[in-house]
Amino acid sequence: GEDVEQSLFLSVREGDSSVINCTYTDSSSTYLYWYKQEPGAGLQLLTYIFSNMDMKQDQRLTVLLNKKDKHLSLRIADTQTGDSAIYFCAESIQSFNKFYFGSGTKLNVKP
Amino acid sequence: NAGVTQTPKFQVLKTGQSMTLQCAQDMNHEYMSWYRQDPGMGLRLIHYSVGAGITDQGEVPNGYNVSRSTTEDFPLRLLSAAPSQTSVYFCASRRDNSYEQYFGPGTRLTVT
């Protein structure tokens, strides 16, 4: 399968910004995604970016895409304790039939 | 709408037993899929279906069977469970040509 890699843990203080990073290998990715998983729950789509975009902003979330380096990041501004969760990076290739997920980054927000 | 539902939430099997994990969606989505989630490995696609009567293999299909007789249901069968199939299983669905997948709450399976 395709390789999508993320660091496993990130710890920040409430009110700080969080930046979660992801690298992927397939340059034919059409969309790249960020999903959030809260304990005991399924994944929920947070945001996505089309592969011909560099940046997308959605309220507290900013997604940056560097296609040359195959690097995707998710910035959460003013991080809250409710943002504590596992965040997955994912890509879909050519069609939406196959998605490849990273291993997830566990974000811990300290009060 | 209930969205994507999965049963059971938890299951313990002995090696060699068979069982079916159920998945249903009430959103009339054409596409449905099964993933397994293992620690440190993210989600891996097992099987998927683009419509009733059509299924295909994903990244890790061995040991699992699927069928899609209706739009709503997409069961996953383990014919002879193995300890390597201990995992959390997620079902997902989406509209045709849509990027947005909706995930069920998961089934935690332990094979001893």
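**A close look at Q85(B)**

Tutor: Setting aside neighbours within four places in sequence, Q85(B) is in contact with R36(B), N62(B), G63(B), Y64(B), L78(B), S80(B), L109(B) and V111(B). Keep in mind that this is a predicted model.

So where does this residue sit? Q85(B) is found in the loop that runs between β8 (76-78) and β9 (87-94) of chain B. Is Q85(B) buried or exposed? Its relative accessibility is 5%, and buried means under 20%, so Q85(B) counts as buried.

Follow chain B on into β9 and you come to a cysteine. C91(B) lies in strand β9 of chain B, and its partner C23(B) lies in strand β3 (residues 19-25), so the pair links distant parts of the chain, 68 residues apart. The two are joined by a disulfide with an S to S distance of 1.8 Å. With the torsion about that S-S bond at about -70°, the disulfide is left-handed. Both ends are tucked away: C23(B) counts as buried at 1% relative accessibility, and C91(B) counts as buried at 0%.

Now hop over to chain A and look at a loop there. D83(A) lies in the loop between β8 (71-76) and β9 of chain A. With a relative accessible area of 8%, D83(A) is buried. Leaving out neighbours within four places in sequence, the residues in contact with D83(A) are K36(A), R60(A), I76(A), D78(A), L107(A) and V109(A).

Chain A has a disulfide too, and it joins C22(A) to C89(A), with 2.0 Å from S to S. C22(A) belongs to strand β3 (residues 18-24) of chain A and C89(A) to strand β9 (residues 85-93), so this pair ties together parts that are 67 residues apart in sequence. The torsion about the S-S bond is about -65°, so this disulfide is left-handed. C22(A) is buried at 1% relative accessibility, and C89(A) is likewise buried at 1%. Over all chains, the structure holds two disulfides.

Last, step back to where the chains meet. There, 20 residues of chain A are in contact with 22 residues of chain B. The area buried between chain A and chain B is about 1700 Å², and carbon and sulfur atoms give 59% of it.

As for polar links across the two chains, the count is zero salt bridges and two residue pairs in polar contact, both at pLDDT 80 or more. On the side of chain A that touches chain B, β4 (29-37), β5 (43-50) and β10 (99-101) of chain A each supply at least two residues. β4(A) gives the most, with four residues. Sorted by class, that side of chain A has 12 nonpolar, seven polar and one charged residues.

Terms used
Residues are numbered from 1 along each chain as its sequence is written. Chains are lettered from A and ligands numbered from 1 in the order in which they are written. This is a predicted model: local features need pLDDT of at least 70, side-chain atom pairs count only at pLDDT 80 or more; totals for chains, interfaces and linings use all residues. Side-chain values use heavy atoms; hydrogens and water are left out. Contact means heavy atoms within 4.5 Å. Buried area is the accessible area (1.4 Å probe) that two parts lose on being put together, summed over both. A salt bridge is a side-chain nitrogen of Lys or Arg within 4 Å of a carboxyl oxygen of Asp or Glu. A polar contact is a pair of N or O atoms within 3.5 Å; within protein, one must be able to donate a hydrogen and the other to accept it, and residues adjacent in sequence count only if both atoms are side-chain atoms. Ala, Val, Leu, Ile, Met, Phe, Trp, Tyr, Cys and Pro count as nonpolar, Asp, Glu, Lys and Arg as charged, and the others, Gly among them, as polar. Buried means under 20% relative accessible area, exposed over 50%, partly exposed in between (1.4 Å probe, protein chains only). A disulfide is a pair of cysteine sulfur atoms within 2.5 Å.
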